[in-house]
Amino acid sequence: MPYSKMLSLPHISFQPESIAQALAEVGACLIKDFPPPVLTTQLHAELRQLAEESLLKPAAIGRAGNHQERRDLRGDSTLWLDDPRCGQAAETYLGQLAVLRQSLNQLLFLGLKEAEAHYALYPPGARYTRHRDRFRDSDARVVTVVSYLNPEWSADDGGQLRLYLSQQHTDILPHAATTLCFLSELEHEVLPARRERLSIAAWLRR
Ligand code: OGA
Ligand code: MN
């Protein structure tokens, strides 16, 4: 049962009511069938193409004055989905994210004003050490959404997203057709993978 560790989080369909309830009660959930399989395949192809063209750039940690590249702490390379060099798949994903943002807003009154998302490629061995997505000087990020684009992935490949929920943690495999949604204040980390690991990380911001 490769997915046994995922079962501790609610695994629900792309219904804003269910997602809102899970966020309010548990702080996190897995969203089934989002993005839809065809879009997942297109996003995967688009990201591979952008990587081929060397358009992804090493990610940094911290903000503004405290911005630094630390490959030992964070090893992925990224490109924002609203970059004009991204294609139709990125645009479609952003459209669906906007729908989620508006619905969650109506249900939870979170004041979510915008969404942002980047493609991320973790080369083999790369990690992102334990962190929160809220910066010390800004609490704009409220909800984190991570969609995985890796068609074949087993536990032996590593690369789990480890999410810390109160005293426990839960590990999620970055398998395609998995989207994880959680409150951005929660700590999490990306464990090193044996293979290249592709994802989209998105944030709903107030
Ligand atoms: C991030 C992040 C998680 C992942 O980009 O902040 O935590 O699984 N990404 O890619
Ligand atoms: Mn993060």
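Modeller: A search of the whole structure finds 3 aromatic pairs, a pair being two rings of Phe, Tyr or Trp (its six-membered ring) with centres within 6.5 Å, called stacked under 30 degrees between planes, edge-to-face over 60 and tilted otherwise. The model is predicted, with local features requiring pLDDT of at least 70 and side-chain atom pairs 80 or more, while totals for chains, interfaces and linings use all residues. Residues are numbered from 1 along each chain as written, chains are lettered from A and ligands numbered from 1 in written order, and side-chain values use heavy atoms, without hydrogens or water.

At the site you ask about, the manganese ion (ligand 2) is coordinated at 2.1 to 2.2 Å by NE2 of His 131, OD of Asp 133 and NE2 of His 188. Donors are N, O and S atoms within 2.8 Å of the metal (3.2 Å for Na, K and Ca), and with water absent from the atoms, sites may look incomplete. Along the sequence these donor residues follow the spacing H-x1-D-x54-H. Both His 131 and Asp 133 are buried (under 20% relative accessible area, 1.4 Å probe, protein chains only).

Ligand 1 is surrounded by 14 residues, and His 131, Asp 133, Tyr 148, His 188 and Arg 197 are the closest (a heavy atom within 4 Å). Oxygen atoms of ligand 1 lie 2.5 Å from a polar side-chain atom of Tyr 148 and 2.7 Å from one of Arg 197. The protein covers 98% of the 290 Å² of accessible area that ligand 1 has on its own (Shrake-Rupley method, 1.4 Å probe).

Technical notes
Buried means under 20% relative accessible area, exposed over 50%, partly exposed in between (1.4 Å probe, protein chains only). A polar contact is a pair of N or O atoms within 3.5 Å; within protein, one must be able to donate a hydrogen and the other to accept it, and residues adjacent in sequence count only if both atoms are side-chain atoms.
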